Protein chains: 4
Amino acid sequence: MSAKPETRLCHYTNDAIHVRDKNLVEDLIGKVDFTEGLYFLIFGRIPTRAERRVVDAVLVTLMEHGMTPSAIATRMVYGSGPEALQAGVAAGLMAVASQFVGTMEPAAHNLRALVAAGDGMQDAARRMADEYRAAKKPMPGFGHHLHKPDDPRTPKLLALAETEGVPGKHVKALRALSAEVDRAAGRHITINATGAIAAILSEIGVEPEIMRGLAVISRSAGLVAHIREEQKSPAMRTIWETVEEAVPYRRD
Amino acid sequence: MSAKPETRLCHYTNDAIHVRDKNLVEDLIGKVDFTEGLYFLIFGRIPTRAERRVVDAVLVTLMEHGMTPSAIATRMVYGSGPEALQAGVAAGLMAVASQFVGTMEPAAHNLRALVAAGDGMQDAARRMADEYRAAKKPMPGFGHHLHKPDDPRTPKLLALAETEGVPGKHVKALRALSAEVDRAAGRHITINATGAIAAILSEIGVEPEIMRGLAVISRSAGLVAHIREEQKSPAMRTIWETVEEAVPYRRD
Amino acid sequence: MSAKPETRLCHYTNDAIHVRDKNLVEDLIGKVDFTEGLYFLIFGRIPTRAERRVVDAVLVTLMEHGMTPSAIATRMVYGSGPEALQAGVAAGLMAVASQFVGTMEPAAHNLRALVAAGDGMQDAARRMADEYRAAKKPMPGFGHHLHKPDDPRTPKLLALAETEGVPGKHVKALRALSAEVDRAAGRHITINATGAIAAILSEIGVEPEIMRGLAVISRSAGLVAHIREEQKSPAMRTIWETVEEAVPYRRD
Amino acid sequence: MSAKPETRLCHYTNDAIHVRDKNLVEDLIGKVDFTEGLYFLIFGRIPTRAERRVVDAVLVTLMEHGMTPSAIATRMVYGSGPEALQAGVAAGLMAVASQFVGTMEPAAHNLRALVAAGDGMQDAARRMADEYRAAKKPMPGFGHHLHKPDDPRTPKLLALAETEGVPGKHVKALRALSAEVDRAAGRHITINATGAIAAILSEIGVEPEIMRGLAVISRSAGLVAHIREEQKSPAMRTIWETVEEAVPYRRD
C-alpha cells in the first residue's frame, strides 16, 4: 500500500456538511438541480451548460425501456419482498450489464481510437469496419432489432450535442464509422442510441469506464417507476404464471 | 387474477418510443431535465415548479454522506469485480434500508396522522410524543448523533418548500411534533434531514411507500461517485486491511 | 461502542487456516461434508446426526421450485450479463423474502409461543387460530395454492425429524395448531412445507432470525442450476418477449 | 427464437413435486444429502462417490475466508436493514467476482489447453509460463500474498482427488505448469487453492463456466455465518467508524 487513500467526496462536522469543496446547505441545496449536483459529485466541478444538457439528454434517454429483463427482475424481487424496495431496484440494476447498455463502453473505445488516428480517421474506420465484419462481430453502437432503418434517438442526441457546441470529434468519428459499417455490410445499419450516447459523452470528456455509471443512475429512476406501477397495479403474479406456461417442464 | 395487468410506462414502435403518453424524442429529450423526466415517469405528469424544486432539493440532499455502510459495500464489491460496475452500485443501494434513510417512511406516516387530526393536531402530537417516550422508542425523523443542537439541512429544506408555496400542513405538523418531542424529552432534539424530507415530500403529495425510491435514485448517484473515486484512487485494500485489524479473530 | 467486536469465524496464518477452532486442512477438508461444514461455521459445533439429517432435509426441500419469481430474476440478470454469474444468483436470492419462504419466521415464532404455553398449548392454539381468523390473516405455515388437500412434503419432513428422535415439542405445537386452524376455518387447510420446516428447525434449536439464512443457502444452489440451464438452453429472450405480450402498454 | 425453451428442473402437480426426473418426497428428502442434491439439480445425475467427495471438499474450502470484502459488504448491508437478511447475503456474493475466486476460470481454461496438448503437455506448459512471464501477468491459480512458500490447502485437495481415483490429467497438467512457472520465475511460486480447485473440478468434468457457481453456493454459507455473528455480536458500527478514520476527507 503506497499512499494512504483519501476521499474528497464528503465531510461532516457538527454544524456543516461539505460535499467536495462546497457547503451542502449554503452552496448546493436549492442552488443546483440534481443533474448539476450529481455531475459535480462524480466529476468534481459544476457542469457547463453544454455538459449539463448532454448529461440530461443521456439520463432522460436511458431511463425507461418497457418490460425489459431489468424491469422484470425488479418486479419479481419487489413483489416477493415489498418491505425492501431498494432490493427490487438493485436486482434490476444488475441487468445494466454487458449485453445491453454496456455496449457503450466498447463503442466509446472505438471512437477514441478513431479520433486518435487524426487525419487517418476514415482509413482507420474502414479497417475497423472490415475487421468486425470479417470476425462476424456486431459493431458496438450499431444495429437495432426494432428501430429500422434508423433509431429515432440518434439524430436527436447528436443534434442536441452539436447545438450545444461540443467539439465534435467523436461525433465525426461516429459518422465516419457509420459510413464504413454500411459499406462493409452492403446495407444501412442504424447507429443506435448507445452509439450516439458513447459519442456525445466522449465529447464532454466522460471516460468510457464511468459511462455505465450514468446509465445506472438513469435506470434507477426507471426501475422506481416500475415499482410505483407494481404498487398501484401489480403485474408480478401474471408475469410469474405466464413464464411458467412459456417455459414448460420436460422430464429428463 | 382479476384484471389483466397493463403498463403505462413505455412503448416502442418501429420508429417511435413513447414514455407514458409522450414521445421520447419529440417531447422529452432536450425539453425536460432529468428531475422532470423521472418525476414524469414515476408520477405520471410533468412536475410544477414547486414539485421540481422540492424533488431536486431532496435528491441533492440525500446523494452523499461519506464513507457510510452503503459506500463501503459499493467499494468492496466494485473492487472485487470492476467488470460489473452496476453490481457495486446495487450492493450499496441495498443498504438504503430501515436503519437509516428508511426512517422517512414512519416519519411521514406520523405526519399524515397529525394532519388528519385537523384542529386536534397539537393534542395528537403531544400524545404521539408521550407514547414514543414511554416506549423508549426514538421518534422517526428526530435526533442526530453528530448534528447538535440542530441538523443544518432541516431549516434549509423547510424554507425552500415554504418559499415555493407548498400548502404547509405537514410542515406545520412537523413543527407541532417537534415542540412536543422537546417537551417530552426535557431538552431540544433536532428535526433531522429525514424528518424534514418526509414533511416536504408529503407537501407535494409523494406517498410514504414510494419515498424510499427517491432516496435510492439519489444514492445511486453518490455510489457512482464512490466508484469514480475508487477508479482514480482505490481505497478498497486499505479498507479491507483496516477492518481485518479492527475486528480481530478470537478462538472459540 | 462498549466492547471491541471480534470474529470467531476464520483466521489465517502463514501456513494454516483456522475455521473457528478447527484447522481447515487437518480437521475439515475431506472429513466433513458441506452440510456439516456449514452447520459448524454458522452454529459453532459439528452437528449431531439428527441435526445434520434435519438440515439436509430442509436444504434439499427448499432448493428448487421451478420458474418462480426468484428464478426469473436470476435468468433475467444472468442473460443480461453472463460475465457476472454471481450477480444473477444475487438477484434471485433477493426474492427469498417476506412473501414466500420468509413465512417460516412468523410460523416459528407462533410455534415457540405455543410451546411456551406448556400445558395450555391447545388453548393457546385455539386462541391463535381464532385471532388470525377474525383478522382475516392467513396463518403462516398453512395453506398452499396448489397442494390440496395436503402438501406432500409436510408428512415426510415431520416423519424424518421424528425418526431422528428430536424432542418433538414444536411438532406437537404444529399439530395442535393445525387442528385449531381446521376447526376455525370449517375445512382442512394443509400444513405447508414452510410450516413443517419452521417446526423441525425449531426442534433442533435453530432460532427464527437465522432460519431464512438456511433458505438462502439452499436457494443459491437452485439458482445456480437455473443458470446452468440458461447456459445450455437459454430461455431469457423467450421470457422477455412473453412478458412484453402479457403486460401490454396502455396509453395514460 | 428457433425452439421453444423448456426447463427440466422442477414440476409441481397437485400431489407431487418432481425435481428433474425424481420425486422430491419419495426419492430425495431423507435419501440424499445437500451436496448430492445440489449436484443432481445442477448436473442432472446423482454424483459418484468421487464426485461427491471432490465437491464437498471444494464447498468446504471456499466457504469462509474471514473479514474479506465479501464479508464486509454483507455486514454493511445486513446492519443497515436486518429485515432483509437475503439482501445482506446477496451483497456479499456480488464480490465473488473476477479478482478473487473468479481466477479459477482462466486457471481451468489453461489446464484444459495443456491436457489438449497431449504428449506435448510439458512443452505447452513451458510456452504458457513464458508468455505470462513476458507479459508480466500473474498466472491464474498461482501465488498467494500470505501462504508462502505453499498454500496448505493445495496438497490436501490434490491428494483427496487422487485418493478418490479421478483420472488425473488436469492434476498432471497443473503440476507440469507449476514446474514451468517456478522455472520462469526463478523461484518457487505456490499453487494456490483456486488453482487446485480448478484442477480437481476439471477432473470430475465440471466446466469452467459453471465453476463460479459452486463458489457462490459455498460462500453463501459463509456469509450466513457472518450474519449470524453480526446478530450475536455486531461489528458493523465499529467497521463503519474505523473506515471513516482510515480513509479521511481531503478538500479538493
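My notes follow, topic by topic.

**Ground rules.** I'm working on a predicted model, where local features need pLDDT of at least 70, side-chain atom pairs count only at pLDDT 80 or more, and totals for chains, interfaces and linings use all residues. Residues are numbered from 1 along each chain as its sequence is written, while chains are lettered from A and ligands numbered from 1 in the order in which they are written.

**Sheet in chain B.** I looked up the strand order and got an open sheet of 3 strands, β1-β2-β3 of chain B, with antiparallel pairing. Strands here are DSSP runs of E with at least two residues, helices are runs of H or I with at least four, and both are numbered from the N terminus. Two strands pair if DSSP finds at least two bridges between them. β1 (10-12) and β3 (22-23) of chain B each have a single partner strand, so one side of each lacks a neighbour in the sheet. Between β2 (residues 17-19) of chain B and β3(B) I find 2 bridges. H18(B) has N23(B) as its bridge partner in β3(B).

**Sheet in chain D.** Here I note an open, antiparallel sheet of 3 strands in the order β1-β2-β3 of chain D. Its edge strands are β1 (10-12) and β3 of chain D, each pairing on one side only. β2(D) and β3(D) run antiparallel and are joined by 2 bridges, and H18(D) is bridged to N23(D) in β3(D).

Most residues other than glycine have a negative phi. K136(A) counts as exposed because it has 6 C-beta neighbours inside 10 Å.

**Cis peptides.** K148(B) and P149(B) are joined by a cis peptide bond, omega about 0 degrees. P149(B) is in the loop between α7 (121-134) and α8 (153-163) of chain B. In chain C, the bond from K148(C) to P149(C) is cis, with omega near 0 degrees.

**Helix packing in chain A.** I looked at α8 (residues 153-163) and α10 (residues 193-203) of chain A, which pack at about 10 degrees with axes 8 Å apart. That makes α8(A) and α10(A) roughly parallel (angles under 35 degrees count as such). The contact includes L157(A) and L158(A) from α8(A), and I197(A) and I200(A) from α10(A). By class, that contact has 7 nonpolar, 1 polar and 2 charged residues.

**Chains B and D.** 32 residues of chain B are in contact with 32 residues of chain D, contact meaning C-beta atoms, placed from the backbone, within 7 Å. On the chain B side, α4 (69-80), α5 (85-93) and α12 (236-246) each supply at least two residues. That side has 21 nonpolar, 9 polar and 2 charged residues.

Definitions and conventions
Two residues are in contact if their C-beta atoms, placed from the backbone, lie within 7 Å. Ala, Val, Leu, Ile, Met, Phe, Trp, Tyr, Cys and Pro count as nonpolar, Asp, Glu, Lys and Arg as charged, and the others, Gly among them, as polar. Axes are lines fitted to C-alpha atoms, for helices over the stretch in contact, and angles run from 0 to 180 degrees between N-to-C directions. Angles under 35 degrees count as roughly parallel, over 145 as roughly antiparallel, 65 to 115 as roughly perpendicular and the rest as oblique. A residue is buried if 20 or more other C-beta atoms lie within 10 Å of its own, exposed if 12 or fewer, and partly exposed in between; C-beta atoms are placed from the backbone.
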